[in-house]
Amino acid sequence: MPEKISVLFVCLGNICRSPMAEAVFASTVKQQGLESAFAKIDSAGTAGYHVGDAPDSRSVATCKAHNVPVNHRGQKVKSTDFSTFDYILCMDDSNLSNLRNIQPKGTKAVVKLFGEFDPEGERIIEDPYYGGNEGFEHNFQQVVRASHGFLKALGLEK
């Protein structure tokens, strides 16, 4: 079997989008019986505003409404993450720019927008923090699609 894959999902504060993406992707992997293909699935923020905090209650409620468990505490991206993770998948262009600016030269991580894997072509997963619950539901649907698209890109889902 090839080496196990490690994936880090990233947004700004690590309380809305990236913990949702982590939870949805992990749940999708489990539903597909693909856990053995992955070494680590985690999430972090480009900023340290919410280190140690639980995810936003609206993000958790949206996931729970779809029977997706969330178990995460906020953390900030570290320079070592670029060597630890095979893929660092972020939510928007600002995250992407920030990650590329801090990525040490010669590290293995492929840094991309998670939305690039959305078969409906919705590349940016907008921050729902200042909006209503519908933004969280929209994000949920996006990360579900992108999760399947990413698995397909890895050759793990038909």
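## The sheet

Four strands make up an open sheet, ordered β2-β1-β3-β4, and their pairing is parallel. Two strands count as paired if DSSP finds at least two bridges between them. Strands and helices are DSSP runs numbered from the N terminus: a strand (E) has at least two residues, a helix (H or I) at least four. The edges are β2 (38–45) and β4, each of which pairs on one side only. From one strand to the next, the twist averages 20°. Strands of a sheet pair through backbone hydrogen bonds, either parallel or antiparallel.

This is a predicted model, in which local features need pLDDT of at least 70 and side-chain atom pairs count only at pLDDT 80 or more, while totals for chains, interfaces and linings use all residues. Residues are numbered from 1 along each chain as its sequence is written, and side-chain values use heavy atoms, leaving out hydrogens and water.

## Strand partners

Take β3 (residues 87–90) and its two pairings. β1 and β3 pair in the parallel sense over four bridges. There, L8 stands opposite I88 in β3. β3 also pairs with β4 in the parallel sense, over four bridges. L89 has K112 of β4 as its bridge partner.

A helix covers part of this sheet. α4 packs on the sheet and touches β1 (5–11), β3 and β4. Contact means heavy atoms within 4.5 Å. The direction of α4 makes about 165° with that of β4. Such angles run from 0 to 180 degrees between N-to-C directions, and axes are lines fitted to C-alpha atoms, for helices over the stretch in contact.

Helix α1 (residues 17–31) packs against helix α5 (residues 133–153) at an angle of about 45°, with the axes 9 Å apart. The two are therefore oblique to each other. Oblique is what remains after roughly parallel (under 35 degrees), roughly antiparallel (over 145) and roughly perpendicular (65 to 115). α1 passes α5 in a right-handed crossing: the near helix is turned clockwise from the far one by less than a right angle.

On α1, the contact residues include M20, V24 and F25; on α5, they include F136, F140 and V143. The residues of this contact divide into eleven nonpolar, four polar and one charged. Ala, Val, Leu, Ile, Met, Phe, Trp, Tyr, Cys and Pro count as nonpolar, Asp, Glu, Lys and Arg as charged, and the others, Gly among them, as polar.

## A residue in a loop

K105 lies in the loop between α4 (93–102) and β4 (110–113). Is K105 buried or exposed? K105 is exposed, with a relative accessible area of 83%. Exposed means over 50%, buried under 20%, and partly exposed in between (1.4 Å probe, protein chains only).
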